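Please look at the sequence and the structure below.

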Amino acid sequence: MSEPVKGTERSRELQAEAMEAQHEVLDRLMRSIAERAAAGAPKPELSHLLQQLESQTAHHFQEEEQYMADLAHPKLDTHRIIHRELLAMLQRHRSDFEAGTGRAGPNLLGFIKYFLGAHLQGMDRHLAQYSRSLRRPSSGLRRANLPTSR
Ligand SMILES: [Fe+2]
Ligand SMILES: [Fe+2]
């Protein structure tokens, strides 16, 4: 009967690792877009990178929301609204790009860095800290509001 606690902690750890790995993929994609745009890469190449960014972001947001639901995270609703907004903005920027000459302008690059990038490095990092704060090796009780004793 105590098994589910261990199992839950282990699966939370695996989920946290998966989130981290997805953040790295998104981070690499965002950096490639900035670098290739600065190097004057052709439209089809940037278009492909932006498509990948959009689909990986959509996939990541979905998994992260599931992860938050599993943690019973109190800010899930707000986080979900922010994800929806960010994804809609990314889609708009991408369709503007597709309709244009193929130059990734400051609006697109700024959005990626200061909105999408900032979310992944800000709110999502707090999420990882929250998830770590739930771990308590000696029992299944949550330690979120307890002082740490080692
Ligand atoms: Fe995330
Ligand atoms: Fe997020």
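Gly40 sits in the loop that links helix 1 and helix 2; helices here are DSSP runs of H or I with at least four residues, and strands are runs of E with at least two, both numbered from the N terminus. The model is a predicted one, in which local features need pLDDT of at least 70 and side-chain atom pairs count only at pLDDT 80 or more, while totals for chains, interfaces and linings use all residues. Residues are numbered from 1 along each chain as its sequence is written, and chains are lettered from A and ligands numbered from 1 in the order in which they are written.

Gly40 is exposed, because 10 other C-beta atoms lie within 10 Å. With C-beta atoms placed from the backbone, 12 or fewer such neighbours make a residue exposed, 20 or more make a residue buried, and counts in between make a residue partly exposed. Between the C-alpha atoms of Gly40 and Arg103 there are 7.7 Å, although the two are 63 residues apart along the chain.

Another loop, between helix 2 and helix 3 (76–99), holds Ala72. Ala72 is exposed because it has 9 other C-beta atoms within 10 Å. Most residues other than glycine have a negative phi, but phi of Ala72 is positive, near 55 degrees.

Leaving aside neighbours within four places in sequence, Leu50 is in contact (C-beta atoms, placed from the backbone, within 7 Å) with Ile33, Arg94 and Phe97.

Methods:
Two residues are in contact if their C-beta atoms, placed from the backbone, lie within 7 Å.
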